[in-house]
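Hi,

Here is the structure I promised to pass on. Have a look at it first, and then read my notes below.

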Amino acid sequence: MSRPAPLLALVVPCYNEEEILPGTMTALADVLKDCKARGLVREDSFVLYVDDGSADATWRLLEQRHAVDPCCRAIRFAANAGHQNAVWAGMITARDWGVDCIISLDADLQDDTAVIPDMLTEYADGRDIVYGVRCDRSTDTRLKRDTAHLFYALMGWLKTPLIPDHADYRLVGRAVLEALDAFPERDIFLRGLFPSLGFSTSRVYYTRRERAAGKSKYPFWKMVCFAWKGITSCSPAPLRLSAFMGSLCMLAALAYSFVSLFKYLEGETIPGWTSLIIVVLLLGSVQLFCLALLGEYVAKIFSEVKRRPRYLVEKTL
């Protein structure tokens, strides 16, 4: 049974996007107008921008647009809280404003808005989550493509549910938005959260565009940190890996001890310190690595038990 046209909110996180935002606001207004004209969404559907504590003119541009466009709504964080928290805030705010579904997408519009009608068609057919998946990433650098594929392969090896080549371009239905209250953790990784929920899902495919203006907010090292956050947020496997490495080193040390004892009983002297230094450095490095992993998870526990809010909303349009 097909669902009626929903009240839709396009959720757009923004951080220092003054260069590209005017074009983005015009493009999304046109997309929303087209969807309304085709009867895919209700007439009171809107775009919700989440200003993640921008230091440039992003909020001023949103205020100007809101004054002439009633479909433009916005909230502003008191301080930068991060992309994932901005998407989360947009989803929760839109849900509290009574929407039937949301579509989250980045302000750079590299994720093709032409597939939004396809997402809405999938929603009308009963899907609660519709993932936007990149079928062509030729606009990305070779390094970014290769590291992304390595990340997805690693997450698959860790048995973490993840949609390859899917970022945060997705449709989320009301039932899923209501279920988000059951996930109170502060250290969220949405790409790993949604595939684990178990709701009815589908995918739409698109070609990733080049960024029209401004700079990417995810340079290489920030992407590395984001990947590490995803691994440690979604899987305890690294802790088990450290235990495995410790066991291997213990077995190697025992074997070396037996060899040394055998040589001693045979009256042979083992010259030099090379072998001893290798063992000491190996055991020491593994121990430090395991302590670092343990510290990462303890830091997450420390962050969670403080129960601080993910973000603070300073202004609302």
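What follows is a short tour of the chain, a few helices and some single residues.

Before you start: this is a predicted model, where local features need pLDDT of at least 70 and side-chain atom pairs count only at pLDDT 80 or more, while totals for chains, interfaces and linings use all residues. Residues are numbered from 1 along each chain as its sequence is written, and side-chain values use heavy atoms, with hydrogens and water left out.

**The whole chain**

The protein chain has 10 helices and 8 strands. I take these from DSSP runs, H or I of at least four residues for helices and E of at least two for strands, numbered from the N terminus. The chain has 317 residues, and 42% of them count as buried. Buried here means under 20% relative accessible area, exposed means over 50%, and partly exposed is in between, with a 1.4 Å probe and protein chains only. As for contacts (heavy atoms within 4.5 Å), take those between residues at least 6 apart in sequence: 84% of them join residues at least 24 apart.

**Helix α1**

Helix α1 covers residues 21-37. Its 17 residues should span 24 Å at 1.5 Å a residue, and that agrees with its end C-alpha atoms, which are 24 Å apart. (The expected span is 1.5 Å times one less than the number of residues.)

Which residues of α1 are buried? They are L21, T24, M25, L28, A29, V31, L32, C35 and K36. These cover an arc of only 160° around the axis, so they sit on the same side of α1; the arc is that of the directions from the helix axis to the C-beta atoms. On the face turned away from that buried side you'll find the exposed residues K33 and A37. The buried residues pack against β1 (8-14), β2 (46-51), α2 and α4 (116-124). Just after the helix, G39 takes a positive phi of about 75°.

**α1 against α2**

Helix α2 (residues 58-68) and α1 have axes that come within 10 Å and cross at roughly 35°. Axes are lines fitted to C-alpha atoms, for helices over the stretch in contact, and angles run from 0 to 180 degrees between N-to-C directions.

On the α1 side, L21, P22, M25, T26 and A29 meet T58, L61, L62 and R65 of α2. By class, that contact has 6 nonpolar, 2 polar and 1 charged residues. Nonpolar covers Ala, Val, Leu, Ile, Met, Phe, Trp, Tyr, Cys and Pro; charged is Asp, Glu, Lys and Arg; the others, Gly among them, are polar.

In α2, the buried residues are T58, W59, L61 and L62. They lie on the same side of the helix, because they cover an arc of only 155° around the axis. A67 and V68 are exposed, on the face of α2 turned away from its buried side. What covers the buried residues of α2 includes β1, α1, β2, β3 (72-77) and β8 (313-316).

**Helix α4**

In α4, I116, P117, M119, L120, Y123 and A124 are buried. Down the axis of α4 they fall within an arc of 155°, so they line one face of the helix. They pack against β1, α1, β4 (101-104), β5 (129-136), β6 (166-173) and β7 (201-207). G126 follows α4, with a positive phi near 110°.

**Some single residues**

- V50 lies in strand β2 and counts as buried at 0% relative accessibility. Leaving aside neighbours within four places in sequence, V50 is in contact with V11, V12, P13, C14, I75, F77, A86 and G90.
- N16 is in the loop between β1 and α1, and has a positive phi of about 55° although it is not a glycine. N16 counts as partly exposed at 26% relative accessibility.
- L109, in the loop between β4 and α4, also is not a glycine, yet has a positive phi near 55°. At 12% relative accessibility, L109 counts as buried.
- R191 has its place in helix α7 (residues 190-193) and is buried, with a relative accessible area of 16%. The C-alpha atoms of R191 and D168 are separated by 6.7 Å, though the two are 23 residues apart along the chain.

Cheers
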